[in-house]
Amino acid sequence: MAVTTGSKAVIPEIELRELGVRAFESLGLPRQDATDVVEVLVLADLFGLSTHGLSRIESYGERLEVRGINPEARIRVDSPAPALRLVDGDNGVGPLVGMHALRAAMQAASECGVGVAFARGSNHFGPISPYGLIAAEAGYASIIGSNATTTIAPWGGTDARLGNSPIGFAVPNPTGNHFLLDMAMSVVARAKIRNALKAGQPIPDTWATDAQGLPTSDPGKALDGFLLPIGGHKGYGLALMVDLFAGLLSNAAYLTHVKSWVDAPDQPQNLGHFFLLIDTRRLGSTQWLAERMNDFAAILHDSPPADSERPVIQPGEIELAKLAHQRAHGIGIDAEVLALLRRHAGQEQG
């Protein structure tokens, strides 16, 4: 039973999962496919990544309804080499394609020690950290990436030619917090620039450029321009590498070949993803890995913090703490998102 406080509702995980599955079933997905999609999106909500959680039913749902996404995708997995898997997503919902690719890479890694899956014919597949967590809990270290709609200009360029493509890394800790790093290629999301514009505040000139490709502190000009990559030209190079692996090598669309789901919601995007997994059990015992991972974290934690109220942490600790709290006390979800889920699922709000 959901408890609503202000604009937020708190709902037990098991109820939210079932509601999400029913909502995606109503959009045409078979139940098992809907379950895969909800697995990724609910984990995002558990991590506190609400912009990439079940709120995505709005954009996914709009495209499913106009058949820009195939609700009955027949995903195919080919094995051209012992450790290599090629996944054809058949224009399915992104998290569904992502889960198939993750399982394919895990199966290859279980047999060969390492496994790589390249997926094509996909769509926005949510954040990377849920996939990293699933892999880590099964004993696999991972490097996972996806390409995206173009929002970033080439270094020194004046128009959008590459996407804000995310990449993530995860390493399991059998007795402690897994290492989970999930990041996109831009310094900040466009939402932060929009918020600055609403507040009438300038932005750092390291966030974005204007339409001419020049750094700007004016949020209005920045929204007419392009996001800047992390680390300047180094981030630009890293963004290109993600697209090469996720898009080009997977035989998916890449760079400007990726269609915008906003401008053409009824057209397939043909996004690509890659999943590189390592079976850590081939490297040593779980006790060996736990001892090293705990020592790794302790070295970081023991660094005296510059701010006594903000101790040093390793990536993933904040998200895993939120996950544990929300699993125990219920998941906070925007009331409007909950209403949309109930409407798709055919439930009365209450």
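In which loop is Asn164 placed? Asn164 sits in the loop between strand S8 (162–163) and strand S9 (167–171); helices (H or I, at least four residues) and strands (E, at least two) are DSSP runs, numbered from the N terminus.

This is a predicted model, in which local features need pLDDT of at least 70, side-chain atom pairs count only at pLDDT 80 or more, and totals for chains, interfaces and linings use all residues. Residues are numbered from 1 along each chain as its sequence is written, and side-chain values use heavy atoms, with hydrogens and water left out.

**The surroundings of Asn164**

Asn164 counts as buried because its relative accessibility is 19%. Buried means under 20% relative accessible area, exposed over 50%, and partly exposed in between (1.4 Å probe, protein chains only). The side chain of Asn164 takes part in two polar contacts, listed in the table below. A polar contact is a pair of N or O atoms within 3.5 Å; within protein, one must be able to donate a hydrogen and the other to accept it, and residues adjacent in sequence count only if both atoms are side-chain atoms.

| Side chain | Backbone atom reached | Distance |
|---|---|---|
| Asn164 | nitrogen of Met185 | 2.9 Å |
| Asn164 | nitrogen of Ser186 | 2.8 Å |
| Asp334 | nitrogen of Glu336 | within 2.9 Å |

Leaving aside residues up to four places away in sequence, Asn164 also touches other residues, including Ala148, Thr149, Ile152 and Leu227. Contact here means heavy atoms within 4.5 Å.

**Helix H11**

The Asp334 entry in the table belongs to the start of H11, where a side-chain oxygen of that residue is the atom involved. Helix H11 (residues 335–345) is largely enclosed by the rest of the structure, because nine of its 11 residues are buried. Among them are Val337, Leu338, Leu341, Arg342 and His344. The buried residues of H11 pack against strand S2 (8–11), helix H1 (13–26), H3 and strand S14 (331–334). After H11 comes Gly346, with a positive phi near 75 degrees.

**Helix H8**

Gly247 lies in helix H8 and is buried, with a relative accessible area of 0%. Gly247 touches Asn147, Val242, Ala252, Ala253 and Tyr254, residues up to four places away in sequence not being counted. Between Gly247 and Gly145 the C-alpha to C-alpha distance is 9.7 Å, although the two are 102 residues apart in sequence.

Leu244 is also found in helix H8, but Leu244 is partly exposed, at 36% relative accessible area. Leu244 contributes to a nonpolar surface patch of about 560 Å², together with Met241, Phe245, Leu248, Leu249, Tyr254 and Leu255. Patches are made of residues with over 30% relative accessible area and no salt bridge: like charges are joined within 9 Å, nonpolar side chains (Val, Leu, Ile, Met, Phe, Trp, Tyr) within 5 Å. A salt bridge is a side-chain nitrogen of Lys or Arg within 4 Å of a carboxyl oxygen of Asp or Glu. Accessible areas come from the Shrake-Rupley method with a 1.4 Å probe; for residues, only the protein chains shown count as cover.

**Loops with positive phi, and a hairpin**

Asn270 occupies the loop between helix H8 (233–248) and strand S13 (271–279). Asn270 is not a glycine, yet its phi is positive, about 55 degrees. With 26% relative accessibility, Asn270 counts as partly exposed.

Arg67 belongs to the loop between helix H3 (57–65) and strand S3 (76–81). Arg67 has a positive phi near 60 degrees and counts as exposed, at 53% relative accessibility.

Strand S3 runs antiparallel to strand S4 (residues 84–88), and four bridges join the two. Two strands pair if DSSP finds at least two bridges between them. Asp78 has Leu86 in S4 as its bridge partner, and a hairpin of two residues joins S3 to S4.
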